[in-house]
Amino acid sequence: MDLRDGPEEAAFRATLRTWLEANVPSGLRGFRGWSGPALELGRDWSKRLARAGYAGLTWPKEYGGAGQPWRYQAVYLEELARAEAPQHLGVIGLGMAGPTIIAHGRPDQKTRYLAKILSAEDIWCQGFSEPGSGSDLASVRTRVELIGDRFVVNGQKVWSSYAHVADRCILLGRSATASEKHEGLTYLIVDMKSPGVEVRPLRQITGEAEFNEIFFTDVAVPKENLLGEIGGGWRVAMTTLSHERGTFGFALAGALDVAVRKLVALARERAATDALVRDRVAREWIDLQALRYTNYRALARLERTGVPGPEGSVAKLRWSEANQRLTKLAIEIIGREAQVADGDGAPAYWRHQQLRSRGNTIEAGTSEILRNIIAERVLGLPRSR
Amino acid sequence: MDFSFSPEQDQLRAQARSFLEKRYPLARLAEIATSEDGWDRASWPELARLGWTGASIPEAQGGAGLSFVEEAIVFEELGRALYSGPYFSTIALGLPALARAPDLLAKVASGAFTATLASGTAVQAREAGDRWRLRGETDLVADAGSVDAFVVQARGPDGIGLYLAERHGTRPQICVLDTVDASRRLGRVTFADDDARLLAAPAAAAEIIAATRRRALAAIALEAVGVASRALALGVEHAKSREQFGRPIGAYQAVSHKLADTYVETELARSLAYWAAWCIAEDDGQAELAAVAAKAYAAEAAVAACERAIQVHGGMGFTWDHPLHRYYKRALWIESFDRSGAAHRAEIAQTLLGD
């Protein structure tokens, strides 16, 4: 057990920190989300990250990655959060589609897709959730039919981040309507420029549009874009989802670290003598440390076994709740002034953060689903359904 | 960056778990708690034989020369087993002051000597040749009735120093109190010109007192983690086997999500407690903050874990016969230790926000 950076990690961290200071474009500093002007800078920023070697840190070298242990990805995410810089725009490609192709793809698919994920030439999005299939993913109804040498896709996907800028989509659809839920699923790679693909941005509670609906109308997908087997999509999708929470916790704890620092500054300025505020700020600080060290434990397990442990669900669950509590506390400290929604000052910043935080307990696995996962897979309790 | 235990440390945990599970099945907890001594005296030589009493004591004094991280593992496992002997007292509260006297360390390592901390501002020390005499009263002293000696914080002519008062017959006078947690008895210790030996004069004592507090807070956080994880295990076991409306009650989310929350809080408490343990072992600058945070969080988590487990057990969890209340009462004692959670958070707020 050693909680300090080893010499190589420390060097990596120092180099990255300096690089970030010099390279984060001013329009992306204090990053809040991929919308508006930030989006236009996103691709260039991502290419810059890739050229500097910060894309695919943990990908195997044979696929163009850096082949580094997971701890480097952890340091990368911590430092990005610390600099309040955005991640690579292609996080779905780097974190989910890429590893899924590495695990299930044919050699020609690996050659065709992986390099462009790393270089940010191709941005990916995820077509999993549907209006009628949220937490119950296996109930997706988007139809995938093999007709001759191609699949034809019809249906609707929703809550798809990056779809409005994406080049490709990993799509889970149903190829056999009559068979059992999980067995009838098929996993495809869809070119977002195909005729019949329509993306409609969804405006969210903050007024911004970070995610989208995707409509597929008779979209033709070449047969070679199949990932895995026809009817074997569920297994492939599980690989994708298992990567969703790998080192994700570090990005979350990093963001929370920034939020706690801002909260402390706000409390110092406006409520330093309020005993109740002091108690609640201290609670948030303790929770942040708890999350951070839980991530380090998860990382140790990931490096030892290669498989993300249940700590990923723990981190996501607690981070989302902490972020909601913390942003509300900030709003409370600010008081009536927090009704002001525009401008660059603290009121508008915290109001935006507070509204955005409501999505935290829903996106990437609702808190209810995460509690089910913990109850069933960790504690071994009987299934609730 | 490596937050994992070594194979040797994992082995120590496995050894502790198996020894304690065999020796202290749940059915034995009531028998020990209601016994005259309140603890299984015969266990102490066993703990010494297993190397636990000397874990962090230098090899020159007969110890294993390991660190607080190894002791941390033992604290957690002892909490899980609701052990009632003076390990916490001797190793967490006593050891930093006892380290001033190598002869005492050797006796602790061999299992021949136990001690606890009697602190309070009311005890006075006066010089008597090359020895000292103590006068005054200290309250709620952990394991007062079980130990061989007291490390006493007493006020001498130059300030607060640390003294060692050994038990001889009926001196000092000890009154074991009727407190909530019968598995960790607390007592009032009254010194009436009792003989003592100086361990640390005021100049050196301040840092030892601070170090003792850090160790004690981290150790008790670890014990809380052990208590919480056992309460969780009991709750899960019950939720799997108890059936109502034709299904195990653990299939209902009203029950399973409570237990999931307990799991989450126990894991977070564990992360904080291990962080604190590492900081103490490495004498890291953040040790005090980490120990305070770990205790505040873990104590609350342990109390909540027990309360949820009682709820999941229904009427049975509320009975005297079920062992859960014994875990709950330990958690309540842990929560009261040193200062309240609110007071600990106030310390953290002071670091973050100033006065």
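Student: How many residues does the contact take from chain A and from chain B?
Tutor: It takes 41 residues from chain A and 38 residues from chain B. Two residues count as in contact if their C-beta atoms, placed from the backbone, lie within 7 Å. This is a predicted model, in which local features need pLDDT of at least 70 and side-chain atom pairs count only at pLDDT 80 or more, while totals for chains, interfaces and linings use all residues. Residues are numbered from 1 along each chain as its sequence is written, and chains are lettered from A and ligands numbered from 1 in the order in which they are written.

Student: What makes up the side of chain A that touches chain B?
Tutor: Helices H7 (248-270), H8 (275-305), H9 and H11 (367-378) of chain A each supply at least two residues. H8(A) gives the most, with 16 residues. Helices (H or I, at least four residues) and strands (E, at least two) are DSSP runs, numbered from the N terminus.

Student: How is that side divided by class?
Tutor: It has 22 nonpolar, four polar and 15 charged residues. Ala, Val, Leu, Ile, Met, Phe, Trp, Tyr, Cys and Pro count as nonpolar, Asp, Glu, Lys and Arg as charged, and the others, Gly among them, as polar.

Student: What are the domains of chain A?
Tutor: The assignment gives domain 1 (7-89), domain 2 (124-232) and domain 3 (245-378). Such bounds come from an automatic or database domain assignment. The centres of domain 1 and domain 3 of chain A, taken over C-alpha atoms, are 21 Å apart. Their contact takes 13 residues from domain 1 of chain A and eleven residues from domain 3 of chain A.

Student: Why are the buried residues of H10(A) said to line one face?
Tutor: Trp350(A), Arg351(A), Gln353(A), Gln354(A) and Ser357(A) are buried in H10(A). Seen down the axis, the buried residues fall within an arc of 165°, so they line one face of the helix. The arc is that of the directions from the helix axis to the C-beta atoms. Buried means 20 or more other C-beta atoms within 10 Å of the residue's own, placed from the backbone; exposed means 12 or fewer, and partly exposed lies in between. Helix H9 (311-334) of chain A is included in what covers them.

Student: Why is H5(B) called largely enclosed?
Tutor: Twelve of its twelve residues are buried, so the rest of the structure largely encloses H5(B). Among them are Tyr87(B), Phe88(B) and Pro96(B).

Student: Which residue of S7(B) is the bridge partner of Thr138(B)?
Tutor: Val189(B). Ile174(B) also stands opposite Val189(B).

Methods: Pairing = 2+ DSSP bridges.
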